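Could you open the structure alongside the notes and follow the points in order?

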Amino acid sequence: MARRPKLKALPEASAANGYLLDDQIGFLLRVAMQRHTSIFMSQMVGDLTQPQFAAMAKLLEVGPCSQNHLGRLIYLDASTIKGIVDRLQLRGLVATCDDATDKRRRAVTLTDKGRRATEAATSVASKITKKTLAPLTGEEQKAVLKLLRKLT
């Protein structure tokens, strides 16, 4: 059996052209998001995914709204929000109803079951946020949230 050659890291080569992956915003955001996702998935109630939770939390916040508007509110495209709403509807967590502002449209709304699930999930979500931000001081937590809001 042939042995694999050992690859020697050449940090000076990367430094020479000025590019170090470990210093790139996209890389760091992805790694931080992986950490947050791991925390979220290990603690979130009701087998909710992050996008499902976001949709339900936004509905709790703003009340019934069109599916497209809901997608825009949580920065998801039309086909993605449709799949999320369909799955939540199958679970009895959301329903559609007449849109109060436009009778030609349908609105997505939380069911009673969905409202209870969202209220329980938002309580857990606060703990998830605290755990995600735990390595930072209070001032650092405020600063990172302020900077992320500025980037978005």
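1. The mean pLDDT over the chain is 91, and 89% of the residues score at least 70. Of the chain's elements, α3 has the highest mean pLDDT (98), while helix α1, residues 11-16, has the lowest (60). Where pLDDT is low, the predicted coordinates should not be read in detail.

2. Next, take a look at helix α6, which runs over residues 112-133. Its 22 residues reach 32 Å from the first C-alpha to the last, close to the 32 Å expected at 1.5 Å a residue.

3. Which residues of α6 are buried? They are Gly 114, Thr 118, Ala 121, Val 124, Ala 125, Ile 128, Thr 132 and Leu 133. Viewed down the helix axis, these buried residues fall within an arc of 160°, so they line one face of α6. On the other side of α6, Asp 112, Arg 116, Lys 127 and Lys 130 are exposed.

4. What covers the buried residues of α6? The cover includes the helices α2 (25-43), α3 (50-62) and α7 (138-151), together with β2 (106-110).

5. Finally, α3 also meets helix α5 (residues 78-90): their axes come within 10 Å and cross at roughly 80°. That angle makes α3 roughly perpendicular to α5. On the α3 side the contact is made by Pro 51, Gln 52, Ala 55 and Met 56; α5 contributes Ile 81, Ile 84, Arg 87 and Leu 88.

Technical notes. Residues numbered from 1 in each chain as written. Predicted model: local features only at pLDDT ≥ 70, side-chain atom pairs only at ≥ 80, totals over all residues. Heavy atoms only, no water. Helix = DSSP H or I, 4+ residues; strand = E, 2+ residues; numbered from the N terminus. Expected span 1.5 Å × (residues − 1). Buried < 20%, exposed > 50% of the residue type's maximum accessible area, 1.4 Å probe, protein only. Arc of directions from axis to C-beta. Contact = heavy atoms within 4.5 Å. pLDDT = per-residue confidence, 0-100. Axes fitted to C-alpha atoms, helices over the stretch in contact; angles between N-to-C directions. Parallel < 35°, antiparallel > 145°, perpendicular 65-115°, else oblique.
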